[in-house]
Amino acid sequence: MEPLPYGESDLAPTVSANTLGFHYGKHYKTYIDNINKLVAGSEFADAPLEKIIVETAGKADKTALFNNAGQAWNHAFYWKSLKPRGGGAPPAALAQKIDADFGSLDALKKELATAATSQFGSGWAWLALDGGKLKVVKTANADTPLASGKKPLLTIDVWEHAYYLDYQNRRADYVAAVIDKLLDWEFANANLG
């Protein structure tokens, strides 16, 4: 289980220590425990999560493996997509790419918020690189852009456990706060590579 890159209270008030404690310590831990049990003694015993995701995507007999590997990977990526006192302006290289592919940072933020708030049920909103072009995509449940050959740059978790203790049914408020106050554009820029 990867450690959080910050303390449980460091994202407050946008994400409370209570929410992060349950999210990280209960939900994420369950995915980690499950994937460790599922891969024990299998061909995937020493495989990185990315390999498990790519090799089990769309295979009915590997659904449990895919779901738990996807959720474990997605959550570890989500923790890194956020930082205390985040938001603001992206680094120059990413800012130029955003301007080229979306027209402006505000246009990207709007598209990311729309993807996150319109995801029906549980899932994720992503900024991803697809064939050299930045795109906003959304995935349901444990799915991830990795499974379709895209390169994730950052994500917003829109499973209810990510926000319900703090925001109840106000997903849009949670999404807006994460985009404006917590997104780690430096992490996204590093992933741009």
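A residue is called buried when its relative accessible area is under 20%. The exercises below use this cut-off on a predicted model.

**Exercise 1. Describe the open sheet and the covering of β3.**

Task: State the strand order of the open sheet, name its edge strands, and find how many residues of β3 are buried.

Solution.
- Step 1. Three strands make up the open sheet, in the order β2-β1-β3, and their pairing is antiparallel.
- Step 2. β2 (133-140) and β3 (151-157) form the edges, since each pairs on one side only.
- Step 3. On average, neighbouring strands here are turned by 25° against each other, with direction ignored.
- Step 4. Six bridges join β1 (residues 123-130) to β3 in the antiparallel sense. Within β3, Leu 154 is the residue opposite Leu 127.
- Step 5. Helix α3 (residues 63-81) lies across β1 and β3, and runs at about 85° to β3.
- Step 6. Of the seven residues in β3, six are buried, and the strand is thus mostly covered.

**Exercise 2. Locate the centre of the nonpolar core.**

Task: Which residues of the largest nonpolar core touch the most other members, and which element gives the most residues to this core?

Solution.
- Step 1. The largest nonpolar core has 62 residues, and those touching the most other members are Leu 127, Leu 134, Tyr 174, Leu 183 and Trp 185.
- Step 2. Helix α3 gives the most to this core, namely nine residues.
- Step 3. Take Leu 134 as a case. Beyond its neighbours within four places in sequence, Leu 134 has contacts that include Leu 94, Ile 98, Phe 102, Leu 127, Leu 153 and Leu 192. Lys 97 and Asp 101 are also among the contacts of Leu 134.
- Step 4. As background, nonpolar side chains tend to be buried together in soluble globular proteins.

**Exercise 3. Classify Thr 14.**

Task: Is Thr 14 buried or exposed, and which residues does Thr 14 touch?

Solution.
- Step 1. Thr 14 sits in the segment before α1 (17-39).
- Step 2. The relative accessible area of Thr 14 is 6%, so Thr 14 is buried.
- Step 3. Leaving out residues up to four places away in sequence, Thr 14 touches Asp 166, Tyr 167, Ala 177, Val 178, Lys 181 and Leu 182.

**Exercise 4. Compare two tryptophan pairs.**

Task: Classify the ring pair of Trp 73 and Trp 126 and that of Trp 124 and Trp 126.

Solution.
- Step 1. There are 12 aromatic pairs in the structure.
- Step 2. For Trp 73 and Trp 126, the ring centres are 6.3 Å apart and the planes stand at 25°, so this pair is stacked.
- Step 3. Because Trp 73 belongs to helix α3 and Trp 126 to strand β1, the pair ties together parts that are 53 residues apart in sequence.
- Step 4. For Trp 124 and Trp 126, the centres are 5.9 Å apart and the planes at 35°, so this pair is tilted.
- Step 5. Relative accessibility is 11% for Trp 73, which counts as buried. Trp 126 is buried at 0%, and Trp 124 counts as buried at 0%.
- Step 6. Ring pairs link these tryptophans into a cluster that also holds Tyr 24, Tyr 28, Phe 77, Tyr 78, Trp 79 and Phe 187.

Definitions and conventions:
Residues are numbered from 1 along each chain as its sequence is written. This is a predicted model: local features need pLDDT of at least 70, side-chain atom pairs count only at pLDDT 80 or more; totals for chains, interfaces and linings use all residues. Side-chain values use heavy atoms; hydrogens and water are left out. Two strands pair if DSSP finds at least two bridges between them. Helices (H or I, at least four residues) and strands (E, at least two) are DSSP runs, numbered from the N terminus. Axes are lines fitted to C-alpha atoms, for helices over the stretch in contact, and angles run from 0 to 180 degrees between N-to-C directions. Contact means heavy atoms within 4.5 Å. Buried means under 20% relative accessible area, exposed over 50%, partly exposed in between (1.4 Å probe, protein chains only). A nonpolar core is a set of buried Ala, Val, Leu, Ile, Met, Phe, Trp, Tyr and Cys residues joined through side-chain atoms within 4.5 Å. Rings of Phe, Tyr and Trp (its six-membered ring) pair if their centres lie within 6.5 Å; planes under 30 degrees apart count as stacked, over 60 as edge-to-face and the rest as tilted.
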